[in-house]
Amino acid sequence: MNTTNTTVQTQEPSSRRLVMSMAIAGFISGMIIIAIYMLTFDTIKENKARELRLAVFKVLPHVSHMQKLHFKDNKLVVVKADGMDDEMIFAGYDKDKKFIGYAIQGKAPGFQDTVHVLYGYLSSNSNITGMEILDSRETPGLGDKIFKDMDFVGEFINLPMHKDIKAVKKGTKTHENEIDAITGATISSKVVVKIINQAFKKWSPRLAEQGNEPALELYEAKVNKESQ
Amino acid sequence: MKNHQLKKEDPHLLLQSAPLLRQELTTPAAMKDVWIALLPATAASLWFFGLSALLIILTSIAGAILTEWVFTDKEKRRFAISDTSAGLTGLLIALTLPPGLPLWMAFLGGCVSIGLGKVVWGGLGSNIFNPALLGRAFLLGTFPIAMTTWGAAGGPGEFFQIHSSNLALPFMQSQVDAMSAATPLGLMKFEQQGTALWPLFTGNTAGSIGETSALFLLLGGIYLLLRRGIDWRIPAAIFLTAALFSFIMFLTDGDKYPSPLFTLFSGGLLLGAFFMATDPVTSPLTPRGCWIFGIGIGFLVVLIRLFGGLPEGMLYAILLMNAATPLIDRYTQPKIFGRQG
Amino acid sequence: MATDVSAYEEMIKGLWRDNPVFVQVLGMCPMLAVTNSAINAVVMGLATFFVLVTSSFLVSSFKQWIPKQVRISLYVIIIATFVTVVDYSILAMLPAIHKELGAFIPLIVANCMILGRQEAFASKHNVKYAVMDAVGMSGGFMIALLALGSVREILGVGALFGVDLFGANFEPWVIMILPPGGFLTLGLLLLFFNWFTERRRQFLIKVADADRMLAVEKVSTEGVKDNG
């Protein structure tokens, strides 16, 4: 018994060797990770920016330029930031760099996870021009109809926003501020409506007066091949 | 099948000596009682929902028997089919389906009930969950919209009017928009609208084909109780608990919560309490276990109906308590005399 | 051990006889989580393939230098490095798919099939066998993923690789793309696999018996060997 123990003892490598091998492996692995991070960083950033840009151009028709606005110290300032936070919206401009409307985002917990919505808004006639789901994990086949069901998405095109919109059971829509909810996905439909109402309440006092919108400064233009 | 009659006896007096077969209770005989007990409710379903109900019942029975036939060993086939338990499961799941359901879904429901609910566990007597309810749970998860589109009760005048959605091609949706009516429970949950007790009692409401008529379900249930086909403790415990719980909630807010009678007569509570919760294979063996089982179902069903996302909770209440049955059995085993527990 | 089997056989065994999913029942987390469409299954399979082959290669190459006491941590470092590489690569190249697979790519680290192959095979065999084994195992994993993903996509969406199979009126089996569908389909596939292997075994026994009857007439002692 004792002899086997001692033989094991002698075979045991020193703890320095153990630490060294771990350290070397960790170092090499760190280098590889840094390399791949740097290699892919630009593409990933570009992907994310393009996705957002596409969404903005989709919810605001006839827009060819956009810039990011940040609500800070009670006013909207033009920013060029990579990330996006809850205090940011987008302003869209046409070919002649004339202001058209805002793309406003909002989020709230959906049926499963946070639903992130972007909608276009024309302050000139208080119309919602379109709605796009940026992120959601709603049930596939049911809740995901909030962005797959074109009838539902289409209801947010040119939707007058004079008062809060309301989701009602499909087919029972009677007022122009009502939205036909999706059969089988009432909760998800109501969440979208709720997000837009909340964001509307939050942002309408913050938007600039008509004719006073910030001029185009730091903009991103619509690239033609993205326009499909 | 576990010999169901044994549990009627005093658990402290476990005398099981020589002639063990004290009465001629065989599986086919027990099944026959259930068939007879289901007759009134089935007839009522034909009265209210016409030919659609008949077609759904026939296809789901066909699906169940066919599955049993396919998956049973050749030697046991004749015996397995002739005890009519597969057909009974088919009938039971059919009674929980909406009248406008496409027939291929009813067929699939029958197949799944037997296939996933019974055969994979090892056949009759080995399953943990009630096969019919398992089939219904599968259909509800698979076709949530079709399974919650209810046609209004028609009555005898419209006997030959088949719901057009019944005839959808296999794997396809029905082309025509189904005529939908809200069930009493749906009305209660989403519109805070009550339904008069008399139609609830007779069954002239929208709902699954076999669950609407409280009267005829009660008739069948009483017949089974008289024949001692089921343990009276389980339905009794369900009714008492559900009534008590919903009465307490009714007292706190009469506008928001339904009355106890509404709770008892609406949805699948009666059908489930008499015909599904009492399934001897998936319910506890001991009298004390039966009480616990029934109380659990009664409590869960009201809890799901009032606070859950679904209008009806009988399905999941029974399935959950089915899952708890082995545990209940374990803890309510009578102690063997003279042995330290 | 590996002397009497060819490298080719090491590869083949992972595909069917020792299939990591159907026989060893390993790697269930990605198996159930990402197989709601065939394309997700393929990407997951490729990611696992890359990670397993490269890790097996490295572990087998450096097996003399890896101290026994810290081997598991070193395996995890190696695996995690390659998982990160895969994660960033997919994010850069296939952002849409990354959105769906998202959380499950980092979880490849915890796929016990990969760690298991390092511990059970790569650390004991030379590079050639280790790589062949890794190819076979990840191939078997991919077959299983694809089988599950195809069944679930066909029934749950009515499409395969995004191509519509049944037309617009198909009634989707919602449960199939939800988690319960994963469990159901996997269970049924396992059932089928076991039924098939059992039938094959019975058949082989029958053949072996027949052979033995013939052999018995010649040499009575040799017949038993045929039974394998």
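Which residues have the most contacts inside the largest nonpolar core?

**View 1. A look into the largest nonpolar core.** This is a predicted model, and its largest nonpolar core has 135 residues. Val56(A), Tyr119(A), Ala94(B) and Ile318(B) are the ones with the most contacts inside that core. Helix H1 of chain B, residues 27–71, gives the core its largest share: 14 residues. There's also a second, separate core of 48 residues, and Leu74(C), Tyr129(C), Ala130(C) and Val131(C) are among its members.

**View 2. Zooming in on Tyr119(A).** Skip the neighbours within four places in sequence, and Tyr119(A) is in contact with Val59(A), Ile104(A), Ile128(A), Gly130(A), Met131(A), Phe156(A) and Ile196(A).

**View 3. A hairpin in chain A.** Strands E1 (residues 65–72) and E2 (residues 75–79) of chain A run antiparallel, joined by 5 bridges. Pick out Lys68(A), and you'll find its bridge partner in E2(A) is Val79(A). The hairpin has 2 residues between the strands, and here Asp73(A) takes a positive phi near 50°.

**View 4. Where chain A meets chain C.** Chain A brings 20 residues to this contact and chain C brings 22. On chain A's side, that's 11 nonpolar residues, 8 polar and 1 charged.

**View 5. Where chain C meets chain B.** Here 8 residues of chain C are in contact with 9 residues of chain B. The chain C side splits into 6 nonpolar, 1 polar and 1 charged.

View 6. Chain B has an average pLDDT of 82, with 86% of its residues scoring at least 70. Over residues 1–7 of chain B, though, the pLDDT is below 50, and this stretch has 16 contacts in the model beyond near neighbours in sequence.

Note on methods: Residues numbered from 1 in each chain as written. Chains lettered and ligands numbered in written order. Predicted model: local features only at pLDDT ≥ 70, side-chain atom pairs only at ≥ 80, totals over all residues. Contact = placed C-beta atoms within 7 Å. Nonpolar A, V, L, I, M, F, W, Y, C, P; charged D, E, K, R; others polar. pLDDT = per-residue confidence, 0-100. Pairing = 2+ DSSP bridges. Helix = DSSP H or I, 4+ residues; strand = E, 2+ residues; numbered from the N terminus. Core = buried A, V, L, I, M, F, W, Y, C linked by C-beta atoms within 7 Å. Buried ≥ 20, exposed ≤ 12 C-beta atoms within 10 Å, placed from the backbone.
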